[in-house]
Amino acid sequence: MRLVIPLAITFVAGMIMILQFFVPATQSVGESLQEWYMIVASAAIFLGAINLLNVHVHKIRFKAPNWKYSPVTIAGFSVMIITGIFFGIEPGKPFDYMFTQMMVPMGATMFSLLAFFVASAAFRAFRASNWRATLLLLSAFIVMLGRVPIGGMISPKIPLISEWIMQVPNLAGQRAVMIGAAMGMVATSLRMIFGIERSYLGGAD
Amino acid sequence: MVKMLFVLPLLIFASVTFAQCVGCPEEELDVGCESSEPCGDCFIQSLVAEDASNDAGGGIDLSWTIAVDVAIPDSMVLERLDSGGVWSPITTLQPADGRKTDSGLENGQQYSYRIVPFYGGIAEPASEAVSAVPSKQWIHTGRIWMLVILTLISIVVFYFIEQGKRGKELYIRRIAGLTAVEDAVGRATEMGRPVLYIPGIMDMDDIQTIASMVILGRVAMKTAEYGSPLLVPTCRSVVMSVAQEIVKESYIQVGRPDAYKRESINYITDDQFGYAAGVDGIMVRQKPAAIFMLGTFYAESLILAETGRSVGAIQIAGTAMPSQIPFFIAACDYTLIGEELFAASAYLSKEPKLLGSLRGQDMAKLFFMVIIVIGVLSATLGEAWAPAMKVADFLKQITSVE
Amino acid sequence: MSTFVEKLGSIDRRIIFIVMALAVILPLAFRMSLPIKIGEGPSKDMYDAVEALPNGSTVLLSFDYDPSTMPELQPMAIAMAQQLMTKDIKIVSLALWPMGVSLGNEALISVSDSLGKEEYLDWVNLGYKTGGGVLIVRMGSDIKSVFPVDYDGNSVDEMPIMDNINKLSDFDMIISLSAGDPGIPSWVMMAGDRYDIPIGGGCTAVSAPQFYPYLGTGQLVGLLGGLKGAADYETMVRVGVEDAPAGTATPGMAAQSVAHLVIMLFIILGNISYLAGKKKKRGAK
């Protein structure tokens, strides 16, 4: 019974969603299910918040390794919630100030790390070890030059070749991966809807 | 079965070509031959109302043509006859719109419409009134071919699942990344360091996250067997709950419920780079010996993979996100590319039913490959030989979704 | 000599990071600028698709990103809003990402103020709702039930801009500025393919290659990829417009050019070292 109920729910929900795609008259049932999902997803935000607080309070209480970071997390979390609830989130309010002056630059900082990591990964990975790797290396050079103004200044053909690489060989590879992955998605969905794959319910058969 | 998959598209090709060559009329079909009532010097001509196609009911499609020899009105108002017999304006139209759908109507009730053109703010005589009754449709005509293809794929998948169940030996090629799972967990045990499992940044409605959860169950069994700590930081709270249940069940299955630590599977934040920062922190502080990155990843993939590499962990990544695969290949020891992520559960469990579904999936892919080849050839030949182009158009039609 | 060359292949990554930082900071600090030439491509296609919309059309602009990707996507949002508002195209905006809503609002307010446009008449921000693809499907049948009030809490029924907008197919185009999922793929699959609405988009440079298949099939009418796409768009929008405010993407292109050259330099150094090592091994044999 522990397995039957979730498997039955998966089957019924999965079949309704497939059916509503092909049978317009059943769309309202599908829409209701989607609304339920949105409600569950919204409610789960509280679940996450409670878990976050639990984990960090636990760390502080038991002086777990690196527990000193936990009060910072709890303080940041509390300040954002309190200012949002009591002062509102409109422009000019404390919440908005913290969002634009703290969240925005911190998020951008994390994203900008990519520039450094791309440089170090490219330095390590691009080796002309055989003709295929050399071809890849040359393509990378052309695309890197073609995506910035300096490429066009060196030769007006570089941006055109770069665009061709993106539109033809890149496109072919992307499509191959996408089609393969889509077939995998269909098969995984079928396995789950029909209860063939049940390891996500704890590996039981 | 395999032969059938080759033969089926060829049959489609042959039959369509044949149909196009034998007895096809020379003259073009007159698509715009709908008769229109002459309406004097009215601007609106042939206003047509009909039940909106392929909807769940409550909609009426209105379409009209305009007279070319009449001055264009400044604005037009669509009016509907209400229950009291009075024409009420419902919306303003642009003369060039040509069509409008009125929605939110009651099924089975008749609705009448007319369009009133305005010149300089003065209403001119309205177009003739037209009526229609909205109703719900039981089959989406634009998706019938998709239904046929889906049914075909399902039949193929179930056929091979049945074959697997009957004990037919099904070959599965070696996938290095999955073979290395046991070694990676073993290495972590030897080094006395934890195993870090990152299930991507998407929620449980994402099929890659679901596939990742399935693999997490298998990895958790290994960590429970070897006694290595398992850390699962999540980006979504629903994923956290699911991961907690899966890991707990896996630990119970291998008889190590005592080793399960609920707090090791925790929620960090929904924010993409906030999550990347949090996971990077875990990597740098806890120095895991093995890192699994399986699921949906975006720009944070390289940030995570490079940090994992810097702490000396053995890294196994897998995603169906084409743009992130190069980053994983550059920074990780093993990478599962696209569909390999979805094959992981079958590969790790070696269950005949799951292996059968993999074979079915491959056959479905083969079917599409044959369709693509026929499509490309017929579209190319079609430039010189019209019947071949009809085949290409037919294949385009059956693989398109409205 | 050979030893030094071999050592080049294992440069400490912190040195790479420092050189990279300088390659970005110095061109920005010295306000280095490079001319941007617009050729045929997805950026131009995007611009042309918007230009082809008749005045008075309504476009749905979705801000599907957050502060982390703001440097690439916010300039696109501003340039896009400038082009749409200049052409008197109405903008109904929303966000599938929680933090995208205030970033989008910021862009819309700044452009609207500079062009003298009115909220609720020329543009509106409906705000954020969770659900991603599910939300888009729901909007396909009824937008007002999904967003009964806008970002500021006002009823959408009373807004003139929403008079003729009830469902997704009432829009003339949907544009998603997307940093991930939900974003462009959700709009293409759930809105473009289902309701036959033209979809345009902007995305980060790292995710641009994955959207090329959609361009090839016409499921995307155009695409702005990363800072380059943003700079292209800023340049196109500013053509013929007097006193157009300077964008933030165009100055960044010089820094990006130098950064690309630095990456290429490191790759070349790595390969010199690799080939020297290979030659040495052969010699030893």
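Colleague: What distance separates the centres of domain 1 of chain B and domain 2 of chain B?

Modeller: This is a predicted model, in which local features need pLDDT of at least 70, side-chain atom pairs count only at pLDDT 80 or more, and totals for chains, interfaces and linings use all residues. Residues are numbered from 1 along each chain as its sequence is written, while chains are lettered from A and ligands numbered from 1 in the order in which they are written. Chain B is divided into domain 1 (44–132) and domain 2 (170–350), with bounds that come from an automatic or database domain assignment. Taken over C-alpha atoms, the distance between the two centres is 57 Å.

Colleague: What distance separates the centres of domain 1 of chain A and domain 2 of chain A?

Modeller: Chain A is divided into domain 1 (1–87) and domain 2 (126–205). Seven residues of domain 1 of chain A are in contact with seven residues of domain 2 of chain A; a contact means that two C-beta atoms, placed from the backbone, lie within 7 Å. The centres of these domains, taken over C-alpha atoms, are separated by 32 Å.

Colleague: Which element gives the largest share of the side of chain A that touches chain B?

Modeller: The contact takes 50 residues from chain A and 66 residues from chain B. On the side of chain A, two or more residues come from each of α1 (4–22), α2 (27–61), α4 (94–125) and α7 (157–193); such helices (H or I, at least four residues), like strands (E, at least two), are DSSP runs numbered from the N terminus. The largest share, 16 residues, belongs to α7(A).

Colleague: How many charged residues has the side of chain A that touches chain B?

Modeller: Ala, Val, Leu, Ile, Met, Phe, Trp, Tyr, Cys and Pro count as nonpolar, Asp, Glu, Lys and Arg as charged, and the others, Gly among them, as polar. By these classes, that side of chain A has 32 nonpolar and 16 polar residues, and its charged residues number two.

Colleague: At what angle do helix α2 and helix α10 of chain B pack?

Modeller: Two packed helices are described by the angle between their axes and the distance between the axes. The axes are lines fitted to C-alpha atoms, for helices over the stretch in contact, and angles run from 0 to 180 degrees between N-to-C directions. For α2 (residues 144–165) and α10 (residues 352–381) of chain B, the axes are 7 Å apart and the angle is about 145°.

Colleague: Is the crossing of α2(B) and α10(B) left-handed or right-handed?

Modeller: The residues of α2(B) that meet α10(B) include Ile153(B), Val156(B) and Phe160(B), and those on the side of α10(B) include Leu355(B), Met363(B) and Ala364(B). A crossing is left-handed if the near helix is turned anticlockwise from the far one by less than a right angle, and right-handed if clockwise. The crossing of α2(B) and α10(B) is right-handed.

Colleague: Which residue is the bridge partner of Val232(B) in β11(B)?

Modeller: Strand β10 (residues 230–234) of chain B runs parallel to β11(B), and three bridges join them. In β11(B), the partner of Val232(B) is Ile265(B).

Colleague: How many residues of strand β5 of chain C are buried?

Modeller: A residue is buried if 20 or more other C-beta atoms lie within 10 Å of its own, exposed if 12 or fewer, and partly exposed in between, with C-beta atoms placed from the backbone. For strand β5 (residues 199–203) of chain C, the buried residues are five of five.

Colleague: Which residue in the turn between β3(B) and β4(B) has a positive phi?

Modeller: Strand β3 (residues 75–81) and strand β4 (residues 87–93) of chain B run antiparallel, joined by six bridges. They form a hairpin with five residues between them, and the residue with a positive phi, about 80°, is Gly85(B).

Key
Pairing = 2+ DSSP bridges.
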